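Let's take a walk through this one together.

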2 protein chains.
Amino acid sequence: MPAAALDFWFDFASTYSYPAAMRIGVLAADAGVSVRFRPFLLGPIFKAQGWTTSPFNLYAAKGRHMWRDLERLCADLGLPFRRPDPFPQNSLLAARVALAGFEGTLGANFRGEDFCRAVFHAEFGEGRRIDDAATIGDLLARSSIDPRAALAAAQSDASKARLRAQTDEAQRLGLFGAPSFVTADGELFWGNDRLDAALRWTKRVANSE
Amino acid sequence: MPAAALDFWFDFASTYSYPAAMRIGVLAADAGVSVRFRPFLLGPIFKAQGWTTSPFNLYAAKGRHMWRDLERLCADLGLPFRRPDPFPQNSLLAARVALAGFEGTLGANFRGEDFCRAVFHAEFGEGRRIDDAATIGDLLARSSIDPRAALAAAQSDASKARLRAQTDEAQRLGLFGAPSFVTADGELFWGNDRLDAALRWTKRVANSE
């Protein structure tokens with residue numbers, strides 16, 4: 001039986017990507033599913049739809065509900081919550097660092113999923129700015145990674161191109177929001193609310209192979 | 001202890017209102033919550049946001065995901081599913097009839113929640129057009145209600161004004177989509193995915209009073 005695998009697509013600025021990132025590790029382990037973290041940028045995808053900022057900013061009633069809903073959700077999950085200011089945060093730097101790390105550029109000390117959770121926690125749990133190199137550097141230093149070298153590597157032309165390619169792939173896959181989950185057989189599940197369904201689907205496909 | 005009560009706001013044209021309408025009866029009974037069905041029209045609310053049709057039509061990737069997601073969801077729930085054509089259906093007539101019925105205008109034979117479920121089933125389970133008076137009349141006749149008298153009553157000026165007032169109230173409450181659930185203490189939960197959370201909230205409020 002092949003290992004059941006699921007791609008977890010997220011943007012560090014995306015509100016519902018926060019609970020998804022915090023939940024997916026334990027739930028996937030319970031389900032026997034291996035998850036690939038795939039950071040990308042929603043900005044270019046929103047722009048292609050004619051949006052210059054988050055729809056939660058463009059549509060006030062939808063935004064009001066989202067903040068209250070996220071607050072309730074975090075309370076239910078026991079996750080700390082602080083509303084980021086400004087919103088959305090610029091997630092470019094965090095995404096480049098994460099991607100460089102996942103691809104091995106930052107060395108063996110880099111624990112990619114831990115780093116991603118730490119970014120989300122800093123942003124949505126502590127209200128820190130993730131577009132600040134000092135914040136990202138601090139999170140790297142905690143993992144015994146030299147922040148200066150890592151930030152330089154993450155901002156190389158190769159790293160920038162990797163994130164652009166990743167975002168292009170997201171668009172080709174039909175992603176329009178985050179978090180999104182894509183199964184090995186190409187099923188797309190959108191939203192933190194679909195994490196469980198995506199895991200169930202992944203298990204079912206693996207078992208039938 | 002006062003009875004725990006929850007308002008269920010829906011538009012007959014709304015895709016995710018279909019599974020919500022089919023699920024809410026049993027789940028609310030299990031939770032000891034009494035539900036008030038509140039049909040309204042999303043059209044004027046979308047129009048105020050600058051949308052001339054459903055966002056699922058305006059944003060193609062979002063629409064593709066929704067249809068596939070709804071198909072998977074209905075399969076999981078054991079609900080029949082056929083994609084309505086055209087989409088969205090014009091839900092004006094069905095909403096007027098339901099509202100007139102809930103307010104007692106159609107007589108004692110009218111079973112409001114059954115009628116609403118029958119409309120959703122005809123539309124999303126059988127692919128019938130709910131803007132057709134013949135469809136609505138057929139559903140009424142099954143409940144031993146004279147279709148001609150009921151359709152006339154539902155199209156009276158008083159009925160039209162009632163639906164406008166109901167839709168105005170939805171807008172005042174900050175509703176921006178359907179289904180939505182509003183608790184007695186004013187919490188808004190949006191989407192079929194939030195039905196369970198809305199019921200839990202309702203129970204908690206009732207128990208603390």
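Ser144(A) sits in the loop between α7 (133-142) and α8 (147-154) of chain A. Look at the backbone there: phi of Ser144(A) is near 60 degrees, a positive value in a residue other than glycine. Keep in mind as you look that this is a predicted model.

Now hop over to chain B, to the helices with these numbers. Helix α7 (residues 133-142) of chain B packs against helix α8 (residues 147-154) of chain B at an angle of about 120 degrees, and their axes are 9 Å apart. The crossing of α7(B) past α8(B) is right-handed.

Which residues do the touching? On the α7(B) side you'll find Ala133(B), Ile136(B), Gly137(B), Leu140(B) and Ala141(B), and across from them in α8(B) are Pro147(B), Ala150(B) and Leu151(B).

In chain A, the peptide bond running from Asp85(A) to Pro86(A) is cis, with omega near 0 degrees. Pro86(A) has its place in the loop between α4 (60-77) and α5 (92-102) of chain A. Over in chain B, Phe87(B) and Pro88(B) are joined by a cis peptide bond too, with omega about -10 degrees. Pro88(B) lies in the loop between α4 (60-77) and α5 (92-102) of chain B.

Time to zoom out. How do the two chains relate to each other? In general, two copies of a chain are related by a rotation about an axis and a shift along it. Here, a rotation of 180 degrees with 0.0 Å of shift along its axis puts chain A onto chain B, with an RMSD of 0.0 Å. The two copies are therefore related as by a two-fold rotation axis. To find that axis from chain A, look for Asp193(A): its C-alpha is the nearest one in the chain, 3.5 Å from the axis. The interface fits the picture: 100% of the interface residues of chain A are also interface residues in chain B, so the copies meet through the same surface.

Finally, how confident is the predictor? Chain A averages a pLDDT of 95, and 99% of its residues score at least 70. For the complex, the predictor gives an ipTM of 0.94 and a pTM of 0.95.

Conventions. Residues numbered from 1 in each chain as written. Chains lettered and ligands numbered in written order. Predicted model: local features only at pLDDT ≥ 70, side-chain atom pairs only at ≥ 80, totals over all residues. Heavy atoms only, no water. Least-squares fit on C-alpha atoms with pLDDT ≥ 70 in both. Contact = heavy atoms within 4.5 Å. Axes fitted to C-alpha atoms, helices over the stretch in contact; angles between N-to-C directions. Helix = DSSP H or I, 4+ residues; strand = E, 2+ residues; numbered from the N terminus. Left-handed = near helix turned anticlockwise from the far one by under 90°. pLDDT = per-residue confidence, 0-100.
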